[in-house]
Amino acid sequence: MASAGGVPFKEKPWYKKVFLLWTHDGAHYISEGVVYNWCFEPLAIMPVLLLVLIVIAANSDPEAVSGTLAMVVAISPVWLPIYLGRFFWTTWIHYIRYIFWFSQAHVLLEVQLPPEVEKSPLAMELFLTGIWNAGGEGTFIARFWEGKFRAIFSLEIVSNEGQVKFYIHCRKGWRNVLEAKLYGQYPEAKITEADDYVAKLPFNTDEYSLWGTEFSKTDNPQALPVKTYIDYALDKSPDKPETSVDPLSNLVEFLGQIGKGEYIWLQIIMKARKKDEWYGIYLSGDTWKDSAVAGIKKITENAIKRGQGLLEDEAEQKKVASRGAMLLTGGERLQVEAIERQLTKNLFECGIRGIYLGKNEHFN
């Protein structure tokens, strides 16, 4: 979790952490770095800790506690409307968005690709670019009264007892557009409407066990992408044997090896990114681009410091500072190129999650 300036909270000096614990990033750091690691639920443990703290303070200095409570009550005309307003707004946005979500018809599409795909992964990137759409929210009234928001897609890889299938979940109104974009890149593909595979499984905790996870990106800056097909040279011609590889072969092979009574579901939930927003209110800044700029600057500054550390002459050290880009190592140069390449892409806000479940006698 990166805070202002693109520097993660956990990387800040201890004295800054102390003063920033009350912020959103500080609370997130405590909940994930401390409470979650100890397998505690924050909603259950935090009120208890607060009550214990108040009891200890009351026993140590009851007058200070009563004075603090009196002050909180006295200034409640200031903080209470702000707190209630924020609570009302977030609850309202959640409520109207849920109503809008359930008012939309959705469809689950099964995608069957041909055994041999003679195209590089660039074809899939073009498909994803084709469904990038930052619209769909309409006017101010549509966003804040009707609950409209940008279309959300779910790309899913599913293994039900070793049978691996690919799915796309989307609004029904997007089906024709999505099929046209996919057939345009993969004419031999087959797209059919499918039933919800989750609903077919009579899950209950007496017969089944479950393990689930959500993936999060911890790299700083956020604009530094995970390795893509370009990093594996898969953007080259697929006709050349040295580039004829399947980037998903390891995953599909693993999913195909599970046995009877086992299920693995993986999904990438994605929505076109427009700009920074807070519950439907668009903000002026762009933390993602700020993170990219700060990341390139940090990489370059580290290269300069490394170069200056090899010299003792101050004049020579100043000359080194003017050749920042030339001092980058091969790995640093690849990072800068990846960040700059990412800035040219259409962005999606993504969530990645996975679930493994199975009958108790087969759960591994």
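Which element gives the most to the nonpolar patch? I began with this, working on a predicted model.

**Entry 1, the surface patch.** I looked up the patch and found that α5 gives the most to it, with seven residues. The nonpolar surface patch covers about 980 Å². I listed its members as M71, V72, I75, V78, W79, L80, I82, Y83, L84 and F87. Two elements give two or more residues to the patch, namely α4 (62-74) and α5 (76-103). I then picked out V78, which lies in helix α5. Its relative accessibility is 59%, and V78 counts as exposed because the cut-off for exposed is over 50%.

**Entry 2, the sheet.** In what order do the seven strands of the open sheet run? I read the order as β4-β1-β3-β2-β6-β9-β5, with antiparallel pairing. The edge strands are β4 (190-194) and β5, and each of them pairs on one side only. On average, neighbouring strands of this sheet are turned by 25 degrees against each other, direction ignored. I noted as background that strands of a sheet pair through backbone hydrogen bonds, either parallel or antiparallel.

I followed strand β9 (residues 348-359) to strand β5 (residues 208-215) and found an antiparallel pairing over eight bridges. To strand β6 (residues 262-272), β9 is joined by 11 bridges, and these two strands also run antiparallel.

Is S154 buried or exposed? I located S154 in strand β2 (residues 152-160). S154 counts as buried because its relative accessibility is 7%, and buried means under 20%. Its side chain makes a polar contact of 2.8 Å with the side chain of E156.

How many salt bridges does the count come to? I have 12 salt bridges on record for this model. I looked at three of them.

The side chains of K345 and E125 meet in a salt bridge, at 2.6 Å from N to O. This pair links distant parts of the chain, 220 residues apart. K345 sits in the loop between α12 (330-342) and β9, and E125 sits in helix α6 (residues 122-130). K345 is partly exposed, with a relative accessible area of 29%.

R150 forms a salt bridge with E277, and their closest N and O atoms are 3.1 Å apart. Here too the pair links distant parts of the chain, with R150 in the loop between α7 (140-144) and β2, and E277 in strand β7 (residues 277-278), 127 residues apart. I compared the cover of the two partners. R150 counts as buried, at 0% relative accessibility, whereas E277 counts as partly exposed, at 22%. Salt bridges that share partners join R97, E137, R150, K274 and E277 into one network.

R273 forms a salt bridge with D276, with 2.4 Å between the closest N and O atoms. I found R273 to be buried, and D276 is buried as well.

Terms used. Residues are numbered from 1 along each chain as its sequence is written. This is a predicted model: local features need pLDDT of at least 70, side-chain atom pairs count only at pLDDT 80 or more; totals for chains, interfaces and linings use all residues. Side-chain values use heavy atoms; hydrogens and water are left out. Two strands pair if DSSP finds at least two bridges between them. Helices (H or I, at least four residues) and strands (E, at least two) are DSSP runs, numbered from the N terminus. Patches are made of residues with over 30% relative accessible area and no salt bridge: like charges are joined within 9 Å, nonpolar side chains (Val, Leu, Ile, Met, Phe, Trp, Tyr) within 5 Å. Accessible areas come from the Shrake-Rupley method with a 1.4 Å probe; for residues, only the protein chains shown count as cover. A salt bridge is a side-chain nitrogen of Lys or Arg within 4 Å of a carboxyl oxygen of Asp or Glu. Buried means under 20% relative accessible area, exposed over 50%, partly exposed in between (1.4 Å probe, protein chains only). Axes are lines fitted to C-alpha atoms, for helices over the stretch in contact, and angles run from 0 to 180 degrees between N-to-C directions. A polar contact is a pair of N or O atoms within 3.5 Å; within protein, one must be able to donate a hydrogen and the other to accept it, and residues adjacent in sequence count only if both atoms are side-chain atoms.
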